[in-house]
Amino acid sequence: QLTPSSFLRIGQLSNVDLNEDIHELDTEVPRQHPNEIPHNEKLLSLKYESLDYDNSENQLFLEEERRINHAAFRTVEIKRWVICAMIGILTGLVACFIDIVVENLAGLKYRVVKDNIDKFTAKGGLSFSLLLWATLNASVVMVGSLIVAFIEPVAAGSGIPQIKCYLNGVKIPHVVRLKTLVIKVCGVILSVVGGLAVGKEGPMIHSGSVIAAGISQGRSTSLKRDFKIFEYFRRDTEKRDFVSAGAAAGVSAAFGAPVGGVLFSLEEGASFWNQFLTWRIFFASMISTFTLNSVLSVYHGNAWDLSSPGLINFGRFDSEKMGYTIQEIPIFIFMGVVGGILGALFNALNYWLTMFRIRYIHRPCLQVVEAMLVAAVTATVGFVMIYCSRDCQPIQGSSVAYPLQLFCADGEYNSMATAFFNTPEKSVVNLFHDPPGSYNPMTLGMFTLMYFFLACWTYGLTVSAGVFIPSLLIGAAWGRLFGISLSYLTRGSIWADPGKYALMGAAAQLGGIVRMTLSLTVIMMEATGNVTYGFPIMLVLMTAKIVGDYFVEGLYDMHIQLQSVPFLHWEAPVTSHSLTAREVMSTPVTCLRRIERVGTVVDILSDTSSNHNGFPVVESNPDTTQVAGLRGLILRSQLIVLLKHKVFVERANLSLVQRRLKLKDFRDAYPRFPPIQSIHVSQDERECMIDLSEFMNPSPYTVPQEASLPRVFKLFRALGLRHLVVVDNRNEVVGMVTRKDLARYRLGKEGLEELSLAQT
C-alpha cells in the first residue's frame, strides 16, 4: 500500500542521500592536507562530562547530617547569603573596572585619530589617518586575540553558550577558572577599544559566573591557595546554584536590570529552581547593580546621584511625548517580523562562517591573524563611509563626544562619524535620543548594511566579545530609518518619533538573533526605565522569535550544537514515546561487587576504552542461586579518593580498623580529582579487598527497561542526574542511561534523528 505521501517521503530520502554523496565528494578532496578538520554538526562530543547535581546519600553523608545540629545549618544558610552578597559586590566592581578602562582607552584612541584627521584634512594626505586608525585597531585587537588564543581559548566569544551548558549540567573544561576571568576581562577591554563590532555586556555574564564559582568554593586552584572557608559548598550541587546567581548578577550589572537578571538565569540557565534560590539570586543581582551604580557615580563626580545603574543606559524615555497609539500596534508587529527575518539571516551566515572556522581556522596563529584582519577592515570600512558621507549637521545643541569636521563647513560635523567614531554603546544611545533630523536616511541605510556584515563576521572570532550591543545597534539603526520614513509618509505626524522606533527595532533585532523572550522584555523595560513600552516590546519580541524559529534556531543554541555539546532541552523530542529505555541505554555496564579486589578496581578505572564515571554496585555473593541484584552506585571520583587514602584490608573477613574517611576528604579533592595514573598501587595491595558499602549511594535512581524515552528524560532532566540505572524485573542491572544517550535524539526536519558519537 503506497500512499502518495510515502512516495514523497521516498523521494525526499533519495534526495537527501544524493546530496550527502555530493557533500562527501566535496570534502574528500582537501583531505590530503592535514589543515582541515572534518566537522559535522550531527555529532555529539564525548569529551564533555556531566555535573553530579544529585547528592550521594551514603553512610558518611548521613553521619555528617546527624552530627550537624540545627544552629550549624543556620550558619550554612547565613553563609549562602554572605556569598551572594560578595558575588554581587565583586561582579559590580569588575563591571566598573571594565567600563572605566574602556572609556579612558577608547577616549585616548579617538582623540589621537581625531587630531590626526583634522591635521591632514587641512593639508591633504588623509590616507595616513586611515593607516593610523587601522594600525591602532589591529595592534590592540592583536594583543586581545593573542591572550585568548594562546592562554585560554574558553574565554573567546560572549561565554553565554558555555554558561548555559554549565547550568544545564555539562562540565565544560576551564569554564569557571580564575585564569578564564582574567583573560576574559582583559580581552573584552582590548576588543572594545580595538573598535571591533562588539559589546562588553555579554562577557559580564561569564565573568559573574566565574566570580560566583570561585567565591563559593573558598579557594583558587589556579593560585594554589586554599582559604579554608565555605568548605561545605565544595560539590557540584552548591556550585551550580551559585553560578546561576553569578550569571544573574552579570546581566544586572551589564544592563542595570536586576529582575531581568533573575529571569535570564531562570529562562536560559538553571535546570531546576526553588523559591529560596530565586530570592538569593535576586539579592545578588540587586547588590551588583547597586555596587556598579555607586562606584560609577563617585567616579563621574556626583556621589549622591545614583544615575548609572548598568554598563549601558538607554537613557530615560519620556512617556508624555513618546506614548503609543492603537494604530501603531500592527506597525510594531511588522517590525517584529523584519527583526525575525534579519536575525535568522544573521544566524545562518554566522553558522556557515563558524563551520568554516572550525574546519580551517583552528590554529591559534591563524585565529589571531583573522582577528587582526577583521579589526583593520572594520576601521577601513568606517573611514571610507565617513569619507564618502556628505551628511553634515550643526554642532550647536548636539551632544557629540568626538565631532569630526572633515569636509563639512565650520560649525558643522559629519553625522556618519557619530555612528562609527564611537563605542557601540554610545552610538545606540545617540540613535535612541538624538532629535528628529539628526540623521540622513542614506547614512542610516548604509550604516545598517555595513554594520550587519561586520557584526556577523566578528561574532565567533577568537576575542572576548558580546553580541548584545551590535545587534541592538543594527536594530536601532534600521528602526530609526523606519521611523523617519514613517514620519515622511504621514507628513510629520507627531507619533512617528524616530527614537521610539529605534527602540522597537533594537528589540526586534536582538530578539531575532538570540531568541530570548521573557528576560529580554524585562531587561529592555528596566534599561529604558519605562513600563509604558512593556506591551509593544513584548509583541515585537514574540513576533521576532516566532518568525526566526521558523527559519533557524537562536545564535546561542546554534553555537552549543556546533560545539557538539550534549545539551538537554526542556522536553524530550515530541515523537519519541515509542522508544524505550532498553533501546536508549548504554550496554554492557561495568559493575563492581560490594566487596571487591583492589586490583579489579584499579584495572577498571585504568581502562581507557570504557571511560565510565559511575559504577553500579551489585551483591557480591559467591553462590550462584542468589540474584546479583543492584545494591548501590559508586562514582569514579569516590573510588579514586578511596584508593588514594588506601582504604582496604588484606582479607574480606577483617574489619576495617584504620582511620575512617570523612566527607571532608572527598570535598578536599573536589573539583580536580587526581587521574588514576597518578595513584600508585603495589602488587601486594592489588590482592587486598575494598568494602564499598559505606561509600556507595545505596539508593540510586533506577528505571525499568520498558520505560519510554520521555519518562526517562523527565526524570533525568528534572533531578539533574548523571547516571540512571536501568534494571529488569529481578532488579538486575541491564544498562545505564547517561546524558549522551538522551541528548542523541533530536527532532530534525524529517522527524526523529539520532546523532552519532564522536571522540573529539
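Reply: Happy to. First a word on terms: helices here are DSSP runs of H or I with at least four residues, strands are runs of E with at least two, and both are numbered from the N terminus. Also keep in mind that this is a predicted model.

Me: Good to know. How many helices and strands are in the protein chain?
Reply: The protein chain has 27 helices and 18 strands. It runs to 760 residues, and 54% of them count as buried. Of the contacts with a separation of 6 or more, 77% are between residues 24 or more positions apart.

Me: Let's take α26. Which of its residues are buried?
Reply: Helix α26 spans residues 709-719, and its buried residues are L709, P710, V712, F713, F716 and R717. Viewed down the axis of α26, these fall within an arc of 155°, so they line one face of the helix.

Me: Why would residues three or four places apart point the same way?
Reply: An α-helix has 3.6 residues a turn, so residues at that spacing end up pointing the same way.

Me: And which exposed residues sit on the face of α26 turned away from the buried side?
Reply: That face carries R711 and K714, both exposed.

Me: What follows α26?
Reply: G720 does, with a positive phi near 65°.

Me: While we're on α18, how many of its residues are buried?
Reply: 8 of the 11 residues of α18 (residues 518-528) are buried, so this helix is mostly covered. The buried residues are S519, L520, T521, V522, I523, M524, A527 and T528.

Me: Switching to packing. At what angle do α3 and α7 pack?
Reply: Helix α3 (residues 70-123) and helix α7 (residues 202-217) pack at about 140°, and their axes are 9 Å apart. The cut-off for roughly antiparallel is over 145 degrees, and α3 and α7 are therefore oblique to each other. Their crossing is right-handed.

Me: Which residues make that contact between α3 and α7?
Reply: From α3 there are I83, M86, I87, L90, T91, V94, A95 and I98, and from α7 there are M204, G208, I211, A212, I215 and S216. By class, the residues of the contact of α3 with α7 are 11 nonpolar, 3 polar and no charged.

Me: How about α5 and α20: at what angle do they cross?
Reply: The axes of α5 (residues 160-168) and α20 (residues 555-562) cross at roughly 75° and come within 9 Å. That makes α5 roughly perpendicular to α20. On the α5 side, I160, P161, K164 and C165 meet Y556, D557, H559 and I560 of α20. The contact of α5 with α20 has 5 nonpolar, 1 polar and 2 charged residues.

Me: Now some single residues. Is T291 buried or exposed?
Reply: T291 lies in helix α10 (residues 275-299), and it is buried, with a relative accessible area of 10%. Setting aside neighbours within four places in sequence, T291 is in contact with G88, I89, G92 and L93.

Me: And W279, buried or exposed?
Reply: W279 is also placed in α10, but at 54% relative accessibility W279 counts as exposed. W279 and W81 are 198 residues apart in sequence and 9.9 Å apart in space, C-alpha to C-alpha.

Me: What does R686 touch?
Reply: Not counting residues up to four places away in sequence, R686 touches R597, V598, G599, V602, D603 and V681. R686 is in helix α25 (residues 683-686) and is buried, with a relative accessible area of 18%.

Definitions and conventions:
Residues numbered from 1 in each chain as written. Predicted model: local features only at pLDDT ≥ 70, side-chain atom pairs only at ≥ 80, totals over all residues. Heavy atoms only, no water. Buried < 20%, exposed > 50% of the residue type's maximum accessible area, 1.4 Å probe, protein only. Arc of directions from axis to C-beta. Axes fitted to C-alpha atoms, helices over the stretch in contact; angles between N-to-C directions. Parallel < 35°, antiparallel > 145°, perpendicular 65-115°, else oblique. Left-handed = near helix turned anticlockwise from the far one by under 90°. Contact = heavy atoms within 4.5 Å. Nonpolar A, V, L, I, M, F, W, Y, C, P; charged D, E, K, R; others polar.
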